[in-house]
Structures are given as C-alpha cells and as structure tokens.
Amino acid sequence: MTYVLPIVMIVFFNIIYHICSKSVPDGLSPFLSLAVTYLVGFVLSILLFFITRTGGSVLSELGRVNWAAPVLGISVVGLEAGFIYAYKSGWEISRASLVQSSFLAISLIFVGFILYNEPLTWNKMLGVLVCIAGLVLIYL
C-alpha cells in the first residue's frame with residue numbers, strides 16, 4: 001500500500017490542482033493567487049511538520065536543507081503560473097495536462113539517463129513513440 005498510496009495522492013491532488021488552476025478568476029493576478037496558495041501551503045506544511053516529525057527541531061531540520069528546496073520553490077511558481085496562463089489563454093483542461101505530461105515524460109527519460117544513469121531501454125524509447133502518437137491523436 002505504501003507503494004500505491006503516493007501515486008493515488010498525486011492523481012487525486014493533481015485533479016484538484018488543475019480544477020483550481022483553471023478556476024482562477026479572470027483579471028486576478030496569477031501571482032497574487034499563488035501568494036495566497038503558498039500562504040495556505042506554508043501554514044499546512046508547518047502544521048504537518050509538527051504532526052509527522054520523528055525528532056529534531058525546526059532549526060535543526062532547516063540546517064539540513066540544501067539547494068533543492070529553494071530551486072523547487074522557483075520551479076513550482078513557474079509550473080503553476082504556466083498552467084494558470086495556459087488555461088487563461090484557452091487551453092482545454094483535458095489537453096493542457098496531457099500535452100505537458102507527454103513532453104515531460106519524454107524529457108524525464110533523457111534526464112534520468114543523463115543525470116541518474118538510468119538505463120535507456122527499447123521499452124522506454126517505445127514509450128516515447130507512444131507519447132508522440134498520443135499527442136497526434138488528441139489533435140486529429
């Protein structure tokens with residue numbers, strides 16, 4: 001169950017995420033909306049830290065933070081602003097996620113190969129072709 005539960009969470013919260021991103025009111029700055037989003041996320045994250053921590057103080061945990069946390073923050077703002085702008089420019093909710101997910105899957109196959117020495121197999125290359133075929137099919 002611990003192997004499946006994270007994927008179920010990702011799918012469930014991604015559905016909520018896309019509904020919310022598409023529902024940001026016209027005329028509202030996406031960045032003000034994101035500021036409110038991150039304020040709620042900050043409060044929830046701190047609460048969950050205290051509920052789930054297994055030891056260590058906030059300060060000792062902060063001492064373990066590396067470059068990934070601030071860069072992840074930057075990437076999340078870019079990702080979420082990108083989706084809000086995509087939906088505001090007319091992308092359908094059913095296509096925007098599929099198109100980005102296909103390009104992301106293709107890109108991450110090569111990122112895994114280059115940065116993490118993950119094998120580049122024929123099955124993965126076939127998956128790239130399936131992603132490309134899927135993109136063609138949704139636009140026919």
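Visitor: Is glutamate 61 buried, partly exposed or exposed, and at what relative accessibility?
Guide: This is a predicted model, and the values that follow are computed from it. Buried would require under 20% relative accessible area and exposed over 50%. Glutamate 61 falls between these limits, so its class is partly exposed, at a relative accessibility of 28%.

Visitor: How many residues apart are aspartate 26 and lysine 88, which link distant parts of the chain?
Guide: Their side chains meet in a salt bridge with an N to O distance of 3.4 Å. Aspartate 26 lies in the loop between α1 (5-22) and α2 (30-52), while lysine 88 belongs to helix α4 (residues 68-88), and the separation is 62 residues.

Visitor: What is the N to O distance in the salt bridge of glutamate 92 and arginine 95?
Guide: Glutamate 92 is partly exposed at 43% relative accessibility, and arginine 95 is partly exposed as well, with a relative accessible area of 27%. A salt bridge requires the nitrogen to be within 4 Å of the carboxyl oxygen, and the N to O distance for this pair is 3.9 Å.

Visitor: Which element gives the largest share of the lining of the largest pocket?
Guide: This pocket holds about 1,400 Å³ of space, and among its 36 lining residues the closest to the centre are Tyr38, Gly41, Ser45, Val76 and Glu80. Elements giving two or more residues are α1, α2, α3 (58-62) and α4. By class, the lining has 25 nonpolar, 9 polar and 2 charged residues. The largest share, 12 residues, comes from α2.

Visitor: Which element gives the largest share of the lining of the second largest pocket?
Guide: About 160 Å³ of space lies in this pocket, and its lining includes Val11, His18, Gln100 and Leu104. Two or more residues come from each of α1 and α5 (93-116). The lining has 4 nonpolar, 5 polar and no charged residues. The largest share, 5 residues, is given by α5.

Technical notes: Residues numbered from 1 in each chain as written. Predicted model: local features only at pLDDT ≥ 70, side-chain atom pairs only at ≥ 80, totals over all residues. Heavy atoms only, no water. Helix = DSSP H or I, 4+ residues; strand = E, 2+ residues; numbered from the N terminus. Buried < 20%, exposed > 50% of the residue type's maximum accessible area, 1.4 Å probe, protein only. 1 Å grid on protein atoms, 1.4 Å probe; cavity = no way out; pocket = protein on both sides within 12 Å on 5 of 7 lines; lining within 4 Å. Points joined across faces, edges and corners; volume = space filled by probe spheres on them. Nonpolar A, V, L, I, M, F, W, Y, C, P; charged D, E, K, R; others polar.
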